[in-house]
Amino acid sequence: MARSMTGYGREVIYIENTIVTVEIRSVNHRFLDFHTKIPSTFLFLEEKMKEVVRSYFGRGRIEILIRIDGEGFVKKRLETDWKLLDQYVEQLKQVKERYQITGDIPMTVLSQMPDLFSIQQMEEQSEQQVEVIIAGLHTACEHVQKMREAEGEKLLADITDRMESIQEVVSLLKTRRANVVHEYRERIKTRVNDYLADMIDVDSSHMYQEIALLAEKGDITEEITRLLSHIDHFFAIIKKDEQIGRKLDFILQEMHRETNTIGSKSTDVKISEWIVSLKSELEKIKEQVQNIE
């Protein structure tokens with residue numbers, strides 16, 4: 001089964017007057033690349049999150065965003081800066097003595113002093129909260145996986161059609177193999193005759209033996225056989241339920257090499273047209289394969 005490396009998943013959980021949102025984005029990458037943007041108090045979960053991601057994906061850049069809205073995960077505490085308060089009280093005492101002010105310092109004065117009191121938020125992690133986040137991550141991964149599989153099926157349908165077209169063209173190449181051998185032999189004979197035009201005492205049998213050996217190098221039978229073998233291998237690979245992107249990419253490289261070799265051996269106009277068509281289809285398939293896991 002072909003899977004795309006592009007996908008998106010989102011899961012929203014409500015707990016303790018709090019909304020936990022888990023989002024995952026997946027894009028192309030040669031390897032499994034893991035990135036997170038989560039509250040600092042949950043950074044200790046990164047390794048566990050990586051394990052979860054690895055259980056779903058083999059390749060791709062995986063970006064995880066966890067957002068927590070609400071106060072269910074937060075406790076508030078009033079903090080007093082006692083050292084600063086001591087300084088305020090000491091200064092107020094000096095003011096009373098200097099200006100001979102009687103009476104106690106009212107609490108309202110102290111409460112209005114800046115920076116004396118602050119409210120601190122304390123985020124706490126309970127086992128239940130951790131379970132909620134991990135469960136949300138699993139669900140978001142499943143959403144991404146479904147999207148990647150759906151996109152992969154579309155890619156698979158497209159590259160299958162293109163590879164079948166390539167298979168037809170290669171079969172046509174096979175029918176013109178004799179043309180390539182003949183024209184290659186004639187090109188060699190013409191060049192040899194031109195070279196030997198002014199020479200005498202040439203062993204004709206030996207010369208034509210050499211021509212025959214050179215003509216064999218112009219035969220495209222082996223290249224066609226390997227191309228057909230690569231096509232069969234390609235179709236076999238796309239049926240497997242595993243990571244196939246790199247294998248397909250390698251097969252396409254080999255097919256491109258064989259196609260170039262055939263093109264260099266032939267000057268046949270029709271074959272040249274087919275070679276251009278083959279290269280074009282191979283490039284399009286290669287672009288599609290880059291997004292397959």
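Analyst: Let us begin with exposure: a residue is buried under 20% relative accessible area, exposed over 50%, and partly exposed in between (1.4 Å probe, protein chains only). K284, with a relative accessible area of 35%, is therefore partly exposed. This is a predicted model, in which local features need pLDDT of at least 70 and side-chain atom pairs count only at pLDDT 80 or more, while totals for chains, interfaces and linings use all residues. Residues are numbered from 1 along each chain as its sequence is written, and side-chain values use heavy atoms, with hydrogens and water left out.

User: What percentage of the residues of the chain count as buried?

Analyst: The chain has 293 residues, and 35% of them count as buried. Accessible areas come from the Shrake-Rupley method with a 1.4 Å probe; for residues, only the protein chains shown count as cover. The accessible surface of the chain comes to about 17,800 Å², and carbon and sulfur atoms contribute 50% of that surface.

User: How many helices and strands does the chain have?

Analyst: Helices (H or I, at least four residues) and strands (E, at least two) are DSSP runs, numbered from the N terminus. The chain has nine helices and six strands. After helix 2 comes Q100, with a positive phi near 55 degrees.

User: In which sense does strand 4 pair with strand 2, and in which with strand 3?

Analyst: Two strands pair if DSSP finds at least two bridges between them. Strand 4 (residues 60–70) pairs with strand 2 (residues 18–27) in the antiparallel sense, over ten bridges. Within this region, T18 has G70 of strand 4 as its bridge partner. With strand 3 (residues 32–37), strand 4 pairs in the parallel sense over six bridges, and F34 stands opposite I62 in strand 4.

User: Which handedness does the β-α-β unit of strand 3, helix 1 and strand 4 have?

Analyst: A crossover is right-handed if, with the strands pointing away from the viewer, the path from the first strand over the helix to the second runs clockwise. The unit made by strand 3, helix 1 (residues 46–56) and strand 4 is left-handed.

User: How many salt bridges does the structure hold?

Analyst: A salt bridge is a side-chain nitrogen of Lys or Arg within 4 Å of a carboxyl oxygen of Asp or Glu. The structure holds 19 salt bridges. E23, R25, R67 and D69 are linked in a network of such bridges.

User: Where do D158 and R162 lie?

Analyst: Both lie in helix 4 (residues 127–175), four residues apart, or about one turn of the helix.
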